Amino acid sequence: MQLVFGAGDFYGVPLLDASGNAVTNPTPIKIGAMQEMSLEFSGDLKELYGQNQFALAVGRGKVKCTGKVKGAQIHGAALNSLFFGNGMTAGTMMAVNTDTVGAVIPATPFQITPTPPASGTFVEDLGVLDTHAVPMTRVASAPATGQYSVSAGIYTFATADTGKTVYINYRYSYTLSSAKRISLTNLPMGYAPTFKAQMQTIFQGKRALVVLSSVVSTKLNLFATKQDDFSVPEIDFSAQADSSGTTLGDIYVQE
């Protein structure tokens, strides 16, 4: 008796990028921290009726093969190869600094220059909160009470607000060799990366393996965050015949 237990393993081997170019020397992708995966075959039934209630014949029409995989580990290679297919650039990380410490507005010139972590570079203002967590109003220059202006990462406040504690939030960039950037390019309809999928389970020493020759992702649920739990990204996919048009893939079981 062969049974299936546990999340199993899912591998994707990139075949084509989003523009339809063959991926040379592709790097296989393993979904990390696997939670679950599923595969479903569904066919359209065509029924022939005469004058009586029950069908005289039933034939199966189009068959669709779809599935999904959930894994908690996030990494750029999986996101790009299995869903976006636009290519990646490495070495620069973007982050948001959410200020929970605060800074006191000094006397002349009433300015605060935040120091981004990791020797980073200021990119974009994301708002300032006053001592009571009320958003201050950004103005172009000459701020009055409750207002601020910002230029090149330098925040300027009103004279009357001297001595008040403010919380400055901003986006910044920094160098990180492991970082990946995936550009969300607005591609023409029909463009999507293609990969080969392999799904395996092992229980009580017995293996089951499904190999799908050509797969296209249909949905990416990336950030399903919860207050007290882990986020588990999900990729849904649809299988198609290989380039020959004759083979969807194979199923291997030990019994």
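Because the model is predicted, local features require pLDDT of at least 70 and side-chain atom pairs count only at pLDDT 80 or more, whereas totals for chains, interfaces and linings use all residues. Residues are numbered from 1 along each chain as its sequence is written, and side-chain values use heavy atoms, with hydrogens and water left out.

A197 is located in strand β13, which covers residues 194–203; strands (E, at least two residues) are DSSP runs numbered from the N terminus. The relative accessibility of A197 is 0%, so the residue counts as buried. In this classification, buried denotes under 20% relative accessible area, exposed over 50%, and partly exposed the range in between (1.4 Å probe, protein chains only). When neighbours within four places in sequence are set aside, A197 is in contact with F10, Y11, V210, V211, L212 and V215, contact being defined as heavy atoms within 4.5 Å.

Ten salt bridges are present in the structure, each defined as a side-chain nitrogen of Lys or Arg within 4 Å of a carboxyl oxygen of Asp or Glu. One of them joins the side chains of E124 and R171, at 2.9 Å from N to O. E124 belongs to strand β8 (residues 121–129) and R171 to strand β12 (residues 165–182), so this pair ties together parts that are 47 residues apart in sequence. E124 is partly exposed, with a relative accessible area of 33%, and R171 is likewise partly exposed, at 27%.

A salt bridge also connects the side chains of K206 and E255, with an N to O distance of 2.2 Å. This pair links distant parts of the chain, 49 residues apart: K206 is in strand β14 (residues 206–221), and E255 is in the segment after β16 (249–253). K206 counts as partly exposed at 24% relative accessibility, while E255 is exposed, with a relative accessible area of 52%.

K219 counts as partly exposed at 42% relative accessibility, whereas D236, at 12%, counts as buried. Finally, a network of salt bridges links E36, K68, K70 and E234.

Definitions and conventions:
Helices (H or I, at least four residues) and strands (E, at least two) are DSSP runs, numbered from the N terminus.
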